[in-house]
Amino acid sequence: MSISELEFQAKSVEDTPAQAIEGRSQWWLTWHRLRRDKLAVAAMIVIVLIALCAILAPVFSAITGHSPTAVYPNSGLAADGSPVGPGSLFWFGTDNLGHDLFVRVMYGTQISLFVGVVTTLIGTAAGVSIGLISGYFGGWVDGILARVVDSVLAFPYIILALSLAVVFGPSLTIVIAVISFFSWAGIARVVRGQTLSLKEKEYIEAARSLGSGPWRIMFIDIFPNLMAPVLVLATLNIPAAIVFEATLDYLGLGVQPPTSSWGNILAAAQSYYQQAWWFLVFPAVALVITTVAFNLLGDGVRDAMDPRTERVLAAGRGRRKRRRNLARPTGGPSAQYPDPPRQPSPGSA
Amino acid sequence: MALVRFLIRRILSGIVVLWLVSTLAFFLFFARNPAIVARALGGRQATSAILAEITRRLGLNQPILTQYWHFLDRTVHLNLGLSYYQGGEPVSTIVSQDLPRTASVLVGGVLIWLVVGLAVGILSATRARSLFDRSATVGVLIGLSFPTFVLGELLLLVVYLPLNEHGYHWIETGYASISTGFFNWMGYMILPWITLATVQAAVYTRLSRGSLLDTLGEDYVRTARAKGLTERRVVYRHALRGALTPVVSQLGIDVGTLLGGVVVVESVFGVGGLGQDAVQAISNGDLPTIIAFVLIASLFVVVANIIVDLVYAVLDPRVRIA
């Protein structure tokens, strides 16, 4: 076999997959797969509705004629001072002070979505930058940054969150700072790992030989290749941030009343759940619907971007088929053992 | 011998971590004006002379470095000091009262978390795409989406309240010592356990399912099948060992998350353990108590990580302890 023949074969092998995905970018494929995922589409619709609730909160306030911070001691509290149940006047009932719970839950949407999105943006930007720097420069820079990432991931976050909230006084800014601080490390770790392997690729060598500086290589050449895992991590970070925010509020260290957030409504509801189920149930349902929707969307995006998921499931199908075949007495043994697809090792991500 | 050297090194680095964390907590406390302690203790009508006297008695008027030296000296001699509140009770008394409560929450919670998480994960992976797997996936998603305190509050509403209204008083909130009877103790602890375990179990179901599915595609599993081993032996002896390593390494990271869960669970159910008192101490500015809780939490994280590394080495023969 001559060298040219070998080259020809190698070339044809390289060309085949390129033809298969001709004219379809990764984003097109992802979007196409995501659109077929009914759960993910449903989740997207729910998220749009939730965002509408947040935007339209003042409109709901105008329709009901109830301000989120005003108390209605005459119509909103029963004669013995207990909360009033859901009805035509107060759609979700009232809380212990006579606030309109419906309007407060709608306004709470604003806080949850705002904190979820803002902390994810900050955490992602920081995580990507630190991961790129750590992975690209390596050496002592990487040594220090990797240790910092490990410490942040292993630190009992609740202790730092509580201490900071107490030192600087509870406020929305502190909540955002604390959640952002704990959001970047996971993303940085993944980005660092990917950067380590990407920086050895030939096209990075080519960029360097064309005179690109390290920052250009990191953000123009390497970063676009990291978009898929970063997008998945960011989507899944939003529900985690929303839960974190609500938990800080619940412990009395986040957004303070009279500003309404789902966490502080639920904190107040804890003392009244025996008399007023609506006080607890409506904000809890709002919170859980939101986190379920974001988690579903995150899973959908991950499945759509990761062709490996389909292969894992195909392997499961193959194995079951094989087991059924084994149970049958007839059939050639060679046909019963197709090669299971090789999976990359789980630690690689 | 390698094991002894490993343990000595990890214990030494653990002590450094404890020192760093407690120092951080100490100076973080002084970043906030310690005068609020005197104001909280003196009450509204306290004159400035009384405030100064309280500050002097607590030693808060000394230079910070002097106070830091006293603190280090005390801590090295295993003296946790006196609480600023609760009539100056020794912190060690508070800790010894709280410790069994927190331990009760942790023991059952962690047990349910690991057993349910791993069992459901393994069953889902070996029956991928079955009805069981699909319902487990939905369950995991819902479990992941429930904030711990919301799950706790809803359990109070839909389990505790109706049961007690209908005269079944086994499930209670608060705490009863195990010495009042195992069954009684369980009645107090069952809801905190479920609450603490659910979110974590969901994470580990997902993790162990994915990891086992990956491992089942490895060549050595095919070899094991080709040798004619039973499916049970292939999964539980060969594949599971390899699949558990990433799960175990995640355990070390999740110890911190677990402590957060304990704080929330204790607050929801009024268990009155370390977590609930820590929140109290932090909002009061009770420095000796805060430092004690920080030390215990860090100690827990350090010890748990040493155990995780040991288990890791047992599971994966390629990992050497050194």
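These entries record what I looked up in a predicted model, beginning with chain B and ending with aromatic rings.

**Entry 1: the fold of chain B.** I looked up the secondary structure and found 12 helices and zero strands in chain B. I then noted the extent of the chain: its C-alpha atoms fill a box of roughly 85 × 60 × 35 Å along the principal axes.

**Entry 2: burial and surface.** I read that 48% of the 322 residues of chain B count as buried.

**Entry 3: charges.** I noted 24 positive and 18 negative charges in chain B, with mean positions 9 Å apart.

**Entry 4: aromatic pairs.** I found 21 aromatic pairs over all chains. For A:Trp91 and A:Phe102, the ring centres are 4.8 Å apart and the planes stand at 50°, so I recorded the pair as tilted. A:Trp91 lies in the loop between α4 (57–64) and α5 (101–137) of chain A, and A:Phe102 lies in helix α5, so the pair ties together parts 11 residues apart in sequence. A:Trp91 is partly exposed at 38% relative accessibility, whereas A:Phe102 is buried at 6%.

I next examined B:Phe26 and B:Phe27, whose ring centres are 5.4 Å apart with planes at 80°, so this pair is edge-to-face. B:Phe26 is buried at 3%, while B:Phe27 is partly exposed at 33%.

**Entry 5: a cluster.** I noted one aromatic cluster whose members include A:Trp91, A:Phe102, A:Trp277 and A:Trp278.

Technical notes:
Residues numbered from 1 in each chain as written. Chains lettered and ligands numbered in written order. Predicted model: local features only at pLDDT ≥ 70, side-chain atom pairs only at ≥ 80, totals over all residues. Heavy atoms only, no water. Helix = DSSP H or I, 4+ residues; strand = E, 2+ residues; numbered from the N terminus. Buried < 20%, exposed > 50% of the residue type's maximum accessible area, 1.4 Å probe, protein only. Lys, Arg positive; Asp, Glu negative; His and termini not counted. Charge placed at Lys NZ, Arg CZ, Asp CG, Glu CD. Phe/Tyr/Trp six-rings, centres within 6.5 Å; stacked < 30°, edge-to-face > 60°.
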